[in-house]
Amino acid sequence: MDQIESLKSLNKILSSSLPYNLIMTLDQIDNLLTNALIATNHVQNCAMVIIKTGKVVGTSKGFKLRLQDIQTLQRAFKNANVIRDDGIYFQNEKYSCVRVDNHSVYARNEGKGMVIVKTAKFLIVGTYIEGMYPSVCVEALEKLGEYDDIWNIKQQD
């Protein structure tokens with residue numbers, strides 16, 4: 001699937017499966033991340049974290065975030081100048097910052113990289129590896145972040 005087709009598929013999935021004021025379970029969020037991001041074939045792993053609490057509400061299959069990773073994500077936007085200068089450590093790897101602003105962090109390490117998107121409620125992180133298009137990874141995460149205002153997470157006991 002080429003870059004444009006990946007983005008068309010993402011738009012179709014998001015527009016057809018996210019009704020207004022959607023209440024999602026944690027399993028449904030995992031499925032959404034897989035169907036909307038991993039299915040582009042340009043996102044290797046991804047996760048969604050509640051900004052205020054650091055609670056991981058969804059991940060792609062097999063992707064684990066340690067406490068240190070969650071704290072790194074939470075601090076990323078508070079320490080923009082430090083990240084620009086020193087890079088960001090995530091999943092035991094140092095990434096050089098390519099871009100950081102109020103809503104996004106783009107970073108890379110040789111042939112792989114990561115993207116963090118900040119919404120009003122969530123941090124969405126995605127990684128890509130060599131052979132994947134970073135621009136598709138960025139677009140997919142940014143597009144998913146646009147739907148932040150309609151998500152309500154159903155807490156599971």
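Colleague: How many helices and how many strands does the secondary structure of the protein come to?

Modeller: The protein has five helices and nine strands. Both are DSSP runs numbered from the N terminus: helices are H or I with at least four residues, strands are E with at least two. The model is predicted, so local features need pLDDT of at least 70 and side-chain atom pairs 80 or more, while totals for chains, interfaces and linings use all residues. Residues count from 1 along each chain as its sequence is written, and side-chain values use heavy atoms, leaving out hydrogens and water.

Colleague: In what pattern do they follow along the sequence?

Modeller: Read along the sequence, you get α-β-α-β-β-α-α-β-β-β-β-β-α-β.

Colleague: And in what order do the strands sit in the sheet?

Modeller: Strands pair if DSSP finds at least two bridges between them. Here seven strands make an open sheet, β3-β2-β8-β7-β6-β5-β4, with antiparallel pairing. At the edges are β3 and β4, each pairing on one side only. Neighbours in this sheet are turned by 25° against each other on average, direction ignored. Zoom in on β6 (residues 104-109): it pairs with β7 in the antiparallel sense over six bridges. One spot to look for is tyrosine 106, whose bridge partner in β7 is valine 115.

Colleague: Which strands does α3 lie across?

Modeller: Helix α3 lies across β2, β3, β4, β7 and β8, and runs at about 150° to β4. As for α5, it packs on the sheet and touches β6, β7 and β8, its direction making about 160° with that of β8. Touching is contact, heavy atoms within 4.5 Å; axes are lines fitted to C-alpha atoms (for helices, over the stretch in contact), with angles from 0 to 180 degrees between N-to-C directions.

Colleague: Which residues of α3 are buried?

Modeller: Buried means under 20% relative accessible area, exposed over 50%, partly exposed in between (1.4 Å probe, protein chains only). In α3 (residues 67-75), the buried ones are Asp69, Ile70, Thr72 and Leu73. Looking down the axis of α3, they fall within an arc of 155°, so they line one face of the helix. That arc is taken from the directions from helix axis to C-beta atoms. Their cover includes β2, β3 (56-59), β4 (88-90), β7 and β8.

Colleague: Is threonine 72 buried or exposed?

Modeller: At 11% relative accessibility, threonine 72 counts as buried. Leaving aside residues up to four places away in sequence, threonine 72 touches Ile88 and Tyr89.

Colleague: What about cores?

Modeller: In soluble globular proteins, nonpolar side chains tend to be buried together. A nonpolar core is a set of buried Ala, Val, Leu, Ile, Met, Phe, Trp, Tyr and Cys residues joined through side-chain atoms within 4.5 Å. The largest one here has 22 residues; Leu33, Leu37, Met48, Val115, Ile124 and Leu141 have the most contacts inside it. At least two residues each come from α2 (26-36), β2 (45-50), β7 (112-118), β8 (122-128) and α5 (134-145). Helix α5 gives the most, with five. A second, separate core of 21 residues includes Ala47, Ile83, Val105 and Met114.

Colleague: Which residues form the aromatic pair?

Modeller: Rings of Phe, Tyr and Trp (its six-membered ring) pair with centres within 6.5 Å; planes under 30 degrees apart are stacked, over 60 edge-to-face, the rest tilted. The structure holds one such pair. Phenylalanine 63 and phenylalanine 90 make it, tilted, at 6.5 Å centre to centre and 55° between the planes. Phenylalanine 63 sits in the loop between β3 and α3 and phenylalanine 90 in strand β4, so the pair ties together parts 27 residues apart in sequence. Phenylalanine 63 is buried at 6% relative accessibility, and phenylalanine 90 is buried at 0%.
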